[in-house]
Amino acid sequence: MVRCSSVIRSAIAGLAFWLAASPAQAQLTEVSEKRFEITPYAGYNWGGAFSTSAGSAFPAGELRLKDNFSWGGIISFLYGYNGAVELTYLRQDTDIEFDPVGGTSKTLGGFAVNYIQIGGRQGFGHSEKFHPFIDGSLGIGIFDPKADVNSATRFSWSLGTGAIYMFSSQRVGLRTDLKLWVTPVPSGTYGTWCDFYGCFVTEGTAWVTQGQITGGLVFAF
């Protein structure tokens, strides 16, 4: 009987210790859970051509951004399982060229491209370290000639894929992205159409698309 009472007292003491430790353990887990990430990155952008016609501000030909180095940063607010809301900034300093029809290409001067967008990232798999993902975003593209010409701000969007590899601490990792940036711009060409209410003039739309590959260092908090 004494032995049975001793076992019961030990079990009660163990249960009390577990109940007392559980809130502390839960608090420790909550504190250690990652809430957001900061990712400075560098990469390479290519593409960004824009066709012109004889009726526009330029002769018939093609305006083209030269492929060049780019850099930026991503702030990620984590939620759910491998999901994140992301604010992205990208800058590319390059030159713009004009390739006229039947003529010789020439450089028009320096040019800067800035993208500021917000979107989402969704990861896949169950690995604690390696997280492939897809992402997309909406925002603005700022096209800024470095000559004495006004910049233009346009709606833009992006689609991409990539992967994050976190080191054992789960606080530092590596990230790579492969993205497509798309910006609709006025084409400089015009058309007319008529209906019951009258005739109207509309300006066409061209699509400036750029590819990008980047690598960055992830800091998780």
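How many nonpolar, polar and charged residues does the lining of the second largest pocket have? It has six nonpolar, 10 polar and seven charged residues (Ala, Val, Leu, Ile, Met, Phe, Trp, Tyr, Cys and Pro count as nonpolar, Asp, Glu, Lys and Arg as charged, and the others, Gly among them, as polar). The model is predicted, with local features needing pLDDT of at least 70 and side-chain atom pairs pLDDT 80 or more, whereas totals for chains, interfaces and linings use all residues. Residues are numbered from 1 along each chain as its sequence is written, and side-chain values use heavy atoms, without hydrogens and water.

**View 1. The second largest pocket.** Among its 23 lining residues, Lys 34, Leu 78, Gly 80, Asn 82 and His 131 lie nearest the centre. A pocket is an open set of points on a 1 Å grid over the protein atoms alone, with protein on both sides within 12 Å along at least five of seven lines, and lining residues have an atom within 4 Å of a point.

**View 2. Surroundings of Arg 121.** Arg 121 is buried, with a relative accessible area of 7% (buried means under 20%, with a 1.4 Å probe and protein chains only). The side chains of Arg 121 and Glu 37 are joined by a polar contact of 3.1 Å (a pair of N or O atoms within 3.5 Å; within protein, one must be able to donate a hydrogen and the other to accept it, and residues adjacent in sequence count only if both atoms are side-chain atoms).

**View 3. The largest cavity.** Glu 86, Thr 88, Ile 118, Gly 119, Gly 120, Asp 135, Gly 136, Ser 137 and Lys 179 line the largest cavity, a set of points where a 1.4 Å probe fits but cannot get out. By class, this lining has one nonpolar, five polar and three charged residues.

Definitions and conventions: Buried means under 20% relative accessible area, exposed over 50%, partly exposed in between (1.4 Å probe, protein chains only).
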